[in-house]
Amino acid sequence: MNLEQLFLDNKEKTIEGRYLTLESIEPILKRINTDNQLSIVGESVQGRPIYKYVIGTGKTKIYLWSQMHGNESTTTKALFDFLNLLNNGSDLAKELLANFTFCCLPMLNPDGATLYTRANANEIDLNRDSQDLTQPESKMLRAVFEEFKPDFCYNLHDQRTIFGVDDTGKPATVSFLAPSYNEEREINDSRQKAINLIAGMNDVLQEFIPGQIGRFDDSFNINCIGDTFQYLGVPTILFEAGHFPGDYQREVTRKYIFFALLSSFTILNENVIEINRTEDYLNIPQNKVVFYDFIYKNIKINYDGIEKITNFAAQYKEELIDGVINFNAYIARLDDLDEFFGHEVFDAQGASYEDAEGNAPKLDHKANFSLDKKLFFVNGLIKK
């Protein structure tokens, strides 16, 4: 199977970048609604429709939801790439549709998507509302779960650029988790199936992004939807779309999520998840907060007439301005950076720092500065 070619052939070209709203995806949903697969299962806090798309006639039922957090759009793009594959009439599509039934909620939190926020319009994190079910979006997710009775759940998310693969210095481009079903983090039959499937997807992705796959922390929290569904006996997999070098729009990561989705269904279709692969799963290194977007080393600064050599880091904040996501770099950490890596690293070799307010970087200030009044940095990057 040529995953690269399949991605190129099925990529949904009408959506890209980080800001993905309901208005972005509604035309696609209507286009692929060729046989009444699309329905509205409810409304968000602000009255936006929550769509369900069901396709396939197969025995194995897969429940997928994306953009539970409104500012996490990468997996939504990959999900539509996969839905395009299912609708392309190929032999592969026919085989998948004959063996699986896919139930998708491609944008669970349309209000958060418009606002570009993690939370919904009531400022509630839907991934902490699986027990109380206080929000209409949470209720919809649970109601569809109970009606559809899935065999597997796919919980599709993004993670920030701060995550790396343990202490390897590589970014966690894709991370997985088979959530725990109890406080002791034991492995029962349903969690074992999720573990085995993740191990299989990891095998595939290692061929393309070796060392860039992480394993998310499995501390049990019954308020999280993945933990709840695992507790209820349905194998559940958390997907986290992370950073690939230079890919702040997450168009490269999108491809690897597509690879993971398609590979998982190939593995399930071939029924090769019955082998116990717990050791392989646990050998996937854990995610760790070890990255900043920018690290600047060996900077000379002047504190009240005393010169010293120091380091500092800057991090992008994703800010929605006039309908566009702006990546604005702010100074995020000073001095001690021994345990951290930078997606961009600049060695000043003792050059003197200066910005509009003085001779030393300050936390939460924009990363606009000069070195020796010769090299100028704007929004974290060297001005060309």
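This is a predicted model: local features need pLDDT of at least 70, side-chain atom pairs count only at pLDDT 80 or more; totals for chains, interfaces and linings use all residues.
This passage goes through the overall build of the protein chain, then its cysteines, then one proline.

Residues are numbered from 1 along each chain as its sequence is written, and side-chain values use heavy atoms, with hydrogens and water left out.

Along the principal axes, its C-alpha atoms fill a box of roughly 75 × 45 × 45 Å.

Of the 384 residues, 56% count as buried, meaning under 20% relative accessible area, with exposed being over 50% and partly exposed in between (1.4 Å probe, protein chains only). Looking at contacts (heavy atoms within 4.5 Å) between residues at least 6 apart in sequence, 75% join residues at least 24 apart. The protein chain exposes about 16,600 Å², and carbon and sulfur atoms supply 47% of that area; accessible areas come from the Shrake-Rupley method with a 1.4 Å probe, and for residues only the protein chains shown count as cover.

On the charge side, there are 38 positive and 57 negative side chains, and the centres of the two sets lie 3 Å apart. Lys and Arg count as positive and Asp and Glu as negative, while His and the chain ends are not counted. Each charge is placed at NZ of Lys, CZ of Arg, CG of Asp or CD of Glu.

As for disulfides (pairs of cysteine sulfur atoms within 2.5 Å), the structure holds 0. Cys-103 is in none, and its nearest cysteine sulfur, that of Cys-104, is 6.7 Å away. Cys-103 counts as buried because its relative accessibility is 1%. Cys-224 is likewise in no disulfide, with the nearest cysteine sulfur, that of Cys-153, 14 Å away. At a relative accessible area of 9%, Cys-224 is buried.

Pro-136 sits in helix α6 (residues 136-148). With 24% relative accessibility, Pro-136 counts as partly exposed. Leaving aside residues up to four places away in sequence, Pro-136 touches Glu-43, Ser-44 and Val-45. The C-alpha atoms of Pro-136 and Asp-81, 55 residues apart along the chain, are separated by 27 Å.

Notes
Helices (H or I, at least four residues) and strands (E, at least two) are DSSP runs, numbered from the N terminus.
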